[in-house]
Amino acid sequence: GPDQSVFSGTAVTLDGSASTDADGDVLSWAWSLTVVPAGSQAALSDPTAVMPTFMPDLVGQYIAQLIVDDGTVQSQPVTVTINAEAANTIPVANAGMDQSVFVGNTAVLDGSASSDADGDLLTYQWSLTVIPPGSAAVLSNPAAVNPTFTVDLPGLYTAQLVVNDGMLDSTPDPVSISTLNSRPVADAGQ
């Protein structure tokens with residue numbers, strides 16, 4: 001079968017089903033792991049199966065060898081390489097602290113404390129999930145680390161952040177923006 005790249009801890013299925021015998025004899029399979037990373041405890045589920053499995057338990061290169069036998073003679077050995085990479089962890093979105101803003105002012109959101117344990121670059125996707133009835137609030141740039149919006153009506157606004165590390169989305173993280181009570185303006189007329 002073809003070489004594979006997987007995350008460590010992910011089961012790998014080897015495939016010797018394309019093996020053939022020109023005479024049409026029944027084949028038997030003999031698989032072995034000839035190269036594993038130092039300290040690996042990886043083992044084949046059934047070395048005589050057509051499609052055995054194994055779990056790459058460490059990051060590194062695994063080489064599986066297959067020899068088929070037609071009851072009279074063995075084939076030349078063939079190998080398949082499996083490269084096991086570190087498993088990707090889910091990034092963590094951090095939408096910042098809840099805020100209170102005066103009506104008419106600009107709320108600045110802050111996703112800069114979001115993180116990824118693997119050190120992958122993050123992309124940001126903000127959305128306003130709750131706004132007061134009648135509000136026309138929109139985010140300046142939903143893909144920015146620090147988007148803004150104008151608090152146009154009193155009430156509660158909720159923004160949500162999801163970050164992506166190129167492979168996985170984070171769990172959404174909400175932040176609440178409430179409005180402060182603005183000082184009333186007196187008008188005694190003229």
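Pro-133 is placed in the loop between strand 9 and strand 10 (148-150), where strands (E, at least two residues) and helices (H or I, at least four residues) are DSSP runs numbered from the N terminus. This proline is exposed, with a relative accessible area of 81%; exposed means over 50%, buried under 20%, and partly exposed in between, with a 1.4 Å probe and protein chains only. Pro-133 and Pro-154 are 21 residues apart in sequence, and their C-alpha atoms are 9.6 Å apart in space.

The model is predicted: local features need pLDDT of at least 70, side-chain atom pairs count only at pLDDT 80 or more, and totals for chains, interfaces and linings use all residues. Residues are numbered from 1 along each chain as its sequence is written, and side-chain values use heavy atoms, with hydrogens and water left out.

**Overall architecture**

The protein chain holds 12 strands and zero helices. Its radius of gyration is 29 Å, well over the 16 Å that the globule rule gives for 190 residues, so the chain is more spread out than a compact globule. That radius is taken over C-alpha atoms, and the rule is 2.2 Å times the number of residues to the power 0.38. Along the principal axes, the C-alpha atoms fill a box of roughly 115 × 35 × 20 Å.

Of the 190 residues, 32% are buried. The chain exposes about 11,000 Å², of which carbon and sulfur atoms supply 55%; accessible areas come from the Shrake-Rupley method with a 1.4 Å probe, and for residues only the protein chains shown count as cover. Contact means heavy atoms within 4.5 Å. Among contacts between residues at least 6 apart in sequence, 59% join residues at least 24 apart.

**Nonpolar cores**

In soluble globular proteins, nonpolar side chains tend to be buried together. A nonpolar core is here a set of buried Ala, Val, Leu, Ile, Met, Phe, Trp, Tyr and Cys residues joined through side-chain atoms within 4.5 Å. The largest such core has 18 residues, and those with the most contacts inside it are Leu-109, Trp-126, Phe-149, Val-151, Leu-161, Val-175 and Ile-177. At least two residues of this core come from each of strand 9 (123-130), strand 11 (156-164) and strand 12 (173-180). Strand 11 gives the most, with four residues. Apart from this core lies another, of 16 residues, including Val-6, Val-12, Leu-66 and Val-80.

Ile-177 illustrates the contacts made across the sequence. Leaving aside neighbours within four places in sequence, Ile-177 is in contact with Gln-99, Val-101, Ala-107, Leu-109, Phe-149, Val-151, Gly-155, Leu-156, Tyr-157 and Ala-159.

**Loops and surface**

Asp-70 is found in the loop between strand 5 (60-69) and strand 6, and counts as buried at 12% relative accessibility. Not counting residues up to four places away in sequence, Asp-70 touches Asp-21, Asp-23, Asp-25, Val-26 and Leu-27.

Ala-18 lies in the loop between strand 2 (12-13) and strand 3 (28-35) and counts as exposed at 69% relative accessibility. Met-97 has its place in the loop between strand 6 and strand 7; this methionine is exposed, with a relative accessible area of 69%.

| Residue pair | Separation along the chain | C-alpha distance |
|---|---|---|
| Asp-70 and Ala-22 | 48 residues | 9.9 Å |
| Ala-18 and Ile-63 | 45 residues | 18 Å |
| Met-97 and Asn-164 | 67 residues | 20 Å |

Ile-90 is placed in the loop between strand 6 (78-85) and strand 7 (99-102) and is exposed, with a relative accessible area of 52%. Together with Phe-7, Met-167 and Leu-168, Ile-90 forms a nonpolar patch on the surface, with about 350 Å² of accessible area in total. Patches are made of residues with over 30% relative accessible area and no salt bridge; like charges are joined within 9 Å, and nonpolar side chains (Val, Leu, Ile, Met, Phe, Trp, Tyr) within 5 Å. A salt bridge is a side-chain nitrogen of Lys or Arg within 4 Å of a carboxyl oxygen of Asp or Glu.
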